[in-house]
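Please consider the following structure, with attention to its helices, its charged pairs and its aromatic rings.

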Amino acid sequence: MMVSLFTILTIEIIFCFITYIHINGVFVHPTLLSFLVIMVSTIFGIIGNVVWKVDVSYFTIVVIIIGFSAMFLGDVIAKKVTRQYKYKENHECREIVINKFKMQLVILGVIILTLLYCFDILRAGKLLGKSGLGAIYAVKRDRSGTSLLIRQGVKIVMATAFVHSFFFVNNYMILRIRTYENLMHLIPIICGAICCVFTSVRTDVLRIMTAIVVDYCILLFQEKKWKRKSVRKFIRKIFPIAVAVAILLTAVRFIVKGDSNATSNSYGIFQYIAYYVGTPIVVLGSKLTDGILQYRGNVWGEITFNQAWFFFQRIGLCLNVSLRSGSANVWIDESKAITANVDTIFGPPMIDFGIIGMAIYVFLVYLILNKFFYRYLYKTQSGKKRDKKLIVYSYLATIASMSYYTNLLNQFLTVYLVVTFVLMVILYQFYDIHYQREK
């Protein structure tokens, strides 16, 4: 059980090292980012499985080798076939300037929408007999009392958070222009995080964090002329943020999961982080032990494209089909009645299509992500078009940063994320930014 996990970890370290050299240490490169987060997840899985003692199939080793190879192949081919930007060393980051009236108008709107959403959740929770923060979990289970119109405002808040994450990183963190206007970019980020807590979806907090990490890494490497020496500074800046986010997500576990959740009540902070980060690889190994076919749904690609199938059902295209609500749960700690269901990016396509289908699916996803990365970001300079592409990538990069957890591409097929993406692009165009000066 532990031998397979240690073998997997060794394989992951080898792939990380090769890719790190291949991409010159740019951590937010899609393939390297995925390798790193899955490796960290495996480390926590090993720590947690000392207690859980889940039987992880040796076939998981084969799945990881093939899955990682598909990711790496997608990277290599994308780099080979993509026409890359001709790098010029004298191009540094420049301060982004926005019309003050437009920015203040948007930020005021974001604050109002956030307050309306929070009050609406608390009001609906009170109708369900819950008060204070306890209302959040009650409303998560029954949203019938909330306002549909107010809920749409969350999309605007989140879109604004992604755009202003880039502005904050560029002006405040990279260029160190510590003005009141640049500090205001934090407000939409904070409002986005608050909405995530009140929505009881912690994944959205990780999406915002991913955007900040991506923006900082690309701009830092640009400032340092894409030299590998940027790595140390990147880690020094980002590590405290990652720790703070991990503590925050753990601290709000009773809010988003309720007071009766077995995991929240049984585990301390470190154990809970080990559970949240480390279970996906263990769950994948457990399902392979049980026999992966028993987890397959009733329609083609049901787990991999779960949200698309539910959308088809809502519009009346497949009413007679019984769909799974998501990946099936397996026991993690049976003595404490604790289960888990997410099984890395490899789990859903493995269940739906088998190991060959999984390899093809993963290869195509990473071919597209890497092609976008090499074409529009790698060794590029600041500019309206490039910076818009960077914001887009920071939004999509969650597919890579959450690959240790699940197949997040599935979530990008929802109306919520599609509309948020469109609003994000519209907002960037609305601001009509310009660059103040060379650094």
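D204 lies in helix 9, residues 203-223; helices (H or I, at least four residues) and strands (E, at least two) are DSSP runs, numbered from the N terminus. The model is a predicted one, in which local features need pLDDT of at least 70 and side-chain atom pairs count only at pLDDT 80 or more, while totals for chains, interfaces and linings use all residues. Residues are numbered from 1 along each chain as its sequence is written, and side-chain values use heavy atoms, with hydrogens and water left out.

With a relative accessibility of 8%, D204 counts as buried; the term buried denotes under 20% relative accessible area, exposed over 50%, and partly exposed the range in between (1.4 Å probe, protein chains only). Once neighbours within four places in sequence are set aside, D204 is in contact with M158, C196 and Y416, contact being defined as heavy atoms within 4.5 Å. Although D204 and T398 are 194 residues apart in sequence, their C-alpha atoms are 9.4 Å apart in space.

L427, found in helix 18, is likewise buried, at 10% relative accessibility. Apart from neighbours within four places in sequence, L427 contacts V106, A159, T160 and V163. Between L427 and V169 there are 258 residues of sequence separation and 17 Å of space, C-alpha to C-alpha. A further buried residue, S327, has a relative accessibility of 15% and is placed in the loop between helix 14 (306-314) and strand 2 (330-333). Beyond its neighbours within four places in sequence, S327 touches K287, I303, N341 and D343 by the contact criterion.

The charged pairs come next. Side chains of opposite charge can pair when their charged atoms come close. The whole structure contains 7 salt bridges, each defined by a side-chain nitrogen of Lys or Arg within 4 Å of a carboxyl oxygen of Asp or Glu. One of them joins E181 and K100, whose closest N and O atoms are 3.4 Å apart. Because E181 belongs to helix 7 (residues 180-183) and K100 to helix 4 (residues 100-127), this pair ties together parts that are 81 residues apart in sequence. E181 is partly exposed, with a relative accessible area of 27%, and K100 is partly exposed at 49%.

Another salt bridge is formed by K384 and D432, with an N to O distance of 3.4 Å. This pair links distant parts of the chain, 48 residues apart: K384 is in helix 16 (residues 384-396), and D432 is in the loop between helix 18 (415-431) and strand 4 (434-438). K384 is partly exposed, at 41% relative accessibility. R386 and D387 also form a salt bridge, their closest N and O atoms lying 2.9 Å apart, and both residues are buried.

Helix 16 itself has 13 residues and reaches 19 Å from its first C-alpha to its last, close to the 18 Å expected at 1.5 Å a residue; the expected span is 1.5 Å times one less than the number of residues. Its buried residues include L390, I391, V392 and Y393. In helix 2 (residues 30-52), the 23 residues should span 33 Å, and the end C-alpha atoms are 31 Å apart, which agrees. Since 18 of those 23 residues are buried, helix 2 is largely enclosed by the rest of the structure. Just after helix 2, K53 takes a positive phi of about 55°.

The aromatic residues form 30 pairs, where rings of Phe, Tyr and Trp (its six-membered ring) pair if their centres lie within 6.5 Å, with planes under 30 degrees apart counted as stacked, over 60 as edge-to-face and the rest as tilted. The rings of F221 and W226 have centres 6.1 Å apart and planes at 40°, so this pair is tilted. F221 is buried at 0% relative accessible area, and W226 is buried at 3%. Ring pairs link F221 and W226 into a cluster with F372, F373, Y374, Y376, Y378 and Y393.

Finally, the largest nonpolar core has 142 residues, among which V26, F167, F346, F373, Y404 and Y431 touch the most other members; such a core is a set of buried Ala, Val, Leu, Ile, Met, Phe, Trp, Tyr and Cys residues joined through side-chain atoms within 4.5 Å.
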